[in-house]
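Open the model in your viewer and keep the sequence panel beside it. This tour tells you what to select next and what is there.

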Amino acid sequence: MCMRCDGHGWDEIERHTDLVIRVHGYLLQQVEAARPWTYTIGCRESWGRPELLIVDVAVDVQAIVLKAVADDYVAFGDIRSDTLDLLDVDLAVVDAHHFDDGLVAGWEGRYARAARTGDFLQVVLGPSWFCDDHQRLVRRLDGPAAA
């Protein structure tokens with residue numbers, strides 16, 4: 001459950017976010033919804049690199065995959081192609097239109113600005129993650145939002 005829904009105040013949430021970023025370099029922000037998503041906060045702040053975002057799989061899988069990719073920032077300062085190949089994922093620049101409905105509201109609140117194209121990379125799961133019927137349903141956020 002989200003810290004706010006769990007009764008924590010904004011000051012406490014901000015202190016928690018600050019501490020996690022200071023210790024780990026980034027925070028995983030998960031959003032429970034009909035189609036949940038997870039994104040990072042802190043990658044640009046810590047390494048000058050784009051934040052990461054993942055959609056369309058269970059939140060526990062999202063956390064594992066994002067952590068594996070983001071940990072390359074921690075260890076190497078950038079994401080290695082070996083990591084992407086091993087995980088069977090690709091990276092795509094998230095188009096700014098996808099931020100219009102609060103997709104990364106926690107990030108925008110922390111940095112007091114709207115996210116723009118280039119601020120986030122989508123971690124796109126490759127063919128090995130899905131059967132043939134479901135692979136075509138994976139949302140890509142590197143184009144304009146659907147109307």
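The stops below run from the whole chain to single residues.

**Before you start**

This is a predicted model: local features need pLDDT of at least 70, side-chain atom pairs count only at pLDDT 80 or more, and totals for chains, interfaces and linings use all residues. Residues are numbered from 1 along each chain as its sequence is written, and side-chain values use heavy atoms, with hydrogens and water left out.

**Stop 1: the whole chain**

Trace the order along the sequence: α-β-β-α-β-α-α-β-α-β-α.

Now look at the extent. The C-alpha atoms fill a box of roughly 45 × 35 × 25 Å along the principal axes. The radius of gyration is 15 Å, which agrees with the value near 15 Å for a compact globule of 147 residues. That radius is taken over C-alpha atoms, and the globule rule is 2.2 Å times the number of residues to the power 0.38.

Switch to contacts, meaning heavy atoms within 4.5 Å. Of the contacts with a separation of 6 or more, 55% join residues 24 or more positions apart.

**Stop 2: the surface**

The protein chain exposes about 8400 Å², and carbon and sulfur atoms supply 54% of it. The areas come from the Shrake-Rupley method with a 1.4 Å probe; for residues, only the protein chains shown count as cover. Buried residues make up 39% of the 147. Buried means under 20% relative accessible area, exposed over 50%, and partly exposed in between (1.4 Å probe, protein chains only).

**Stop 3: the cores**

Select Leu 52, Val 69, Val 89, Val 123 and Leu 125. In the largest nonpolar core, of 21 residues, these touch the most other members. Such a core is a set of buried Ala, Val, Leu, Ile, Met, Phe, Trp, Tyr and Cys residues joined through side-chain atoms within 4.5 Å. Strand 3 (51-55), helix 3 (59-76), helix 4 (81-87), strand 4 (89-93) and strand 5 (120-125) each give two or more residues. Helix 3 supplies the largest share, 5 residues.

Next, pick Ile 41, Val 94, Trp 107 and Phe 120. They are among the 16 residues of a second, separate core.

Go back to Val 69. Leaving out residues up to four places away in sequence, Val 69 touches Leu 52, Ile 79, Thr 83, Leu 87, Val 89 and Val 123.

**Stop 4: Ile 54**

Select Ile 54 in strand 3. Is Ile 54 buried or exposed? Ile 54 counts as buried because its relative accessibility is 0%. Beyond residues up to four places away, its contacts include Trp 37, Gln 62, Val 65 and Leu 125.

**Stop 5: Leu 28**

Move to Leu 28 in strand 1 (residues 27-31). At 27% relative accessibility, Leu 28 counts as partly exposed. Beyond four places in sequence, its contacts include Thr 38, Tyr 39, Ala 63 and Leu 66.

**Stop 6: two loops**

Most residues other than glycine have a negative phi. Find Asp 56 in the loop between strand 3 and helix 3. Its phi is positive, near 75°. Finish at Ala 112, in the loop between helix 5 (105-111) and strand 5. Phi of Ala 112 is also positive, near 50°. With 71% relative accessibility, Ala 112 counts as exposed.

Key:
Helix = DSSP H or I, 4+ residues; strand = E, 2+ residues; numbered from the N terminus.
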